[in-house]
Amino acid sequence: MKHTKLLILSLIAAMTFSACGTDDSLQFNFPDKENNGGGNTGGDNSGGSTDKNNANKNVATINMPIVVKNAINGLEFPKLKNNGSSYAIVHMDNTTGMLNYSTEWDDNLKSQRWSCYTLNTTNSQNIVGRPKDDYPSDTDLKTLYGVVDFTSDPYKNNGRYDHGHICPSADRRLNSTQERQTDFLTNMHPQYSDFNQKGTWYNMEKELQRLAPKIDSDTLFIVKGGTVDNPENIIEYIYKNLTANNATKGYIPVPKYFFVAVLKKEFNTKTQSYGYSAFGYWFKHENKAFDSKNDKLGNYVVNIKTLEKQTGIDFFCNLPDDIEKQVEEIDVQAIKNIWGFK
């Protein structure tokens with residue numbers, strides 16, 4: 001019976017890696033100009049996909065900035081909320097033409113919902129350091145959408161929470177432009193210091209750096225964030241050194257849980273095609289260091305379908321529907337076998 005189960009898991013793993021899509025680009029380089037060819041513009045601007053192979057992919061809207069239109073079909077992008085108060089912010093590195101990372105900002109909550117980005121051999125090089133320790137307002141939030149009421153730092157003099165980077169500064173050390181953009185307030189969540197600097201979040205970031213592709217053809221597509229949409233998944237609301245139990249003007253939410261969704265696009269030299277695999281992390285936000293002797297990151301691994309139920313976010317919606325279903329519903333034990341979790 002044990003051997004039968006292992007055989008089934010191995011077959012699932014094999015199917016996951018052999019699933020192949022139609023787009024073999026690395027999808028990390030989006031110019032800030034009109035895309036007349038339609039490739040990344042998402043469709044007909046009607047708000048719904050007309051792609052028979054992908055019914056739930058992101059679709060551009062008429063009022064969406066061009067740089068956002070050109071980016072939202074990247075594999076790292078979850079399904080956008082489009083709820084009237086949410087804005088997709090795309091941070092371009094104009095020195096290289098690369099897309100650095102993107103964020104969904106909810107202006108009602110005064111909080112980001114997630115940041116998404118890629119890791120590959122081009123953008124994961126560690127060249128520059130981290131020269132500053134301040135947190136400026138997001139210039140793109142103003143430039144793209146005219147939002148000017150989130151300019152002061154609500155964490156300042158808090159004394160309880162760190163500025164928790166969602167797209168890590170350590171993952172964007174190719175140049176000073178990319179590193180500096182990660183310090184924007186829109187890329188932050190309040191995080192307990194031990195969680196951020198010694199806990200599961202810190203260890204997760206180190207693990208993803210270890211998993212970053214060493215081969216030019218491969219890419220990791222990553223989405224991270226905290227639970228801000230459901231009041232039951234919020235610890236409290238803060239403004240500087242003040243706290244509130246309920247949403248109050250000027251206060252920002254402290255997530256009770258944090259999540260990570262990871263998709264790997266890997267080139268198979270034997271079949272000359274791309275395959276995909278994915279997994280998620282679900283972390284309770286706790287102010288404690290990681291106990292490496294009695295704990296392991298594999299304890300926090302979930303499949304993407306479970307993560308979607310817990311967050312209400314549709315991850316990797318830009319994959320063709322059949323591949324998306326396959327990588328999202330894979331058994332957790334099979335995920336651990338594929339990725340080497342214990």
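A: Two strands count as paired if DSSP finds at least two bridges between them. Here strand β7 (residues 234-239) pairs with β9 in the antiparallel sense, over four bridges. Tyr 237 has Pro 253 in β9 as its bridge partner. This is a predicted model, in which local features need pLDDT of at least 70, side-chain atom pairs count only at pLDDT 80 or more, and totals for chains, interfaces and linings use all residues. Residues are numbered from 1 along each chain as its sequence is written, and side-chain values use heavy atoms, with hydrogens and water left out.

Q: In what order do the strands of that sheet lie?
A: The order is β8-β7-β9, an open sheet of three strands with antiparallel pairing. Its edge strands, β8 (242-244) and β9, each pair on one side only. Neighbouring strands of this sheet are turned by 40 degrees against each other on average, direction ignored. Axes here are lines fitted to C-alpha atoms, for helices over the stretch in contact, and angles run from 0 to 180 degrees between N-to-C directions.

Q: How many helices and strands does the protein have?
A: Helices (H or I, at least four residues) and strands (E, at least two) are DSSP runs, numbered from the N terminus. The protein has nine helices and twelve strands.

Q: Which strands form the open sheet of seven?
A: The order is β1-β2-β3-β6-β10-β11-β12, with antiparallel pairing. β1 (86-93) and β12 (301-302) are the edge strands, each pairing on one side only.

Q: How many bridges join β3 to β6, β6 to β10 and β10 to β11?
A: Five bridges join β3 (residues 111-119) to β6 (residues 219-226). In that pair, Ser 115 has Lys 224 in β6 as its bridge partner. Eight bridges join β6 to β10, where Val 223 stands opposite Ala 261. Twelve bridges join β10 to β11. There, Asn 268 is partnered by Ser 273 in β11. β10 and β11 form a hairpin with four residues between them. Gln 272, in the turn, has a positive phi of about 55 degrees.

Q: Which helix lies across β6, β10, β11 and β12?
A: Contact means heavy atoms within 4.5 Å. Helix α9 (residues 332-339) lies across β6, β10 (257-268), β11 (273-284) and β12. The helix runs at about 115 degrees to β11.

Q: How should I read a nonpolar core?
A: In soluble globular proteins, nonpolar side chains tend to be buried together. A core is a set of buried Ala, Val, Leu, Ile, Met, Phe, Trp, Tyr and Cys residues joined through side-chain atoms within 4.5 Å. Buried means under 20% relative accessible area, exposed over 50%, and partly exposed in between (1.4 Å probe, protein chains only). Of the 342 residues here, 54% count as buried. The largest core has 42 residues. Those touching the most other members include Trp 201, Val 260, Phe 279 and Trp 339. Helix α6 (residues 200-211) gives the most to this core, with four residues. A second, separate core of 32 residues includes Val 67, Val 223, Trp 282 and Val 327.

Q: With which residues is Leu 208 in contact?
A: Leaving aside neighbours within four places in sequence, Leu 208 contacts Leu 119, Leu 220, Ile 222, Lys 224, Val 260, Val 262 and Phe 279.

Q: Is Lys 52 buried or exposed?
A: Lys 52 counts as exposed because its relative accessibility is 84%. The residue lies in the loop between α1 (2-18) and α2 (66-69). Lys 52 and Pro 320 are 268 residues apart in sequence, and 9.1 Å apart in space, C-alpha to C-alpha.

Q: How do I read empty space?
A: Rolling a probe the size of a water molecule over the atoms shows where empty space is left. On a 1 Å grid over the protein atoms alone, a cavity is a set of points where a 1.4 Å probe fits but cannot get out. A pocket is an open set with protein on both sides within 12 Å along at least five of seven lines, and lining residues have an atom within 4 Å of a point. Grid points are joined across faces, edges and corners, and a volume is the space filled by probe spheres set on the points. The largest cavity has a volume of about 50 Å³. β5 (188-192) gives the largest share of its lining, three residues.

Q: What is the volume of the largest pocket?
A: About 400 Å³. Of its 18 lining residues, the closest to the centre are Arg 130, His 165, Asn 196, Gln 197 and Glu 205. β4 (161-165), α5 (193-197) and α6 each supply at least two residues of this lining.
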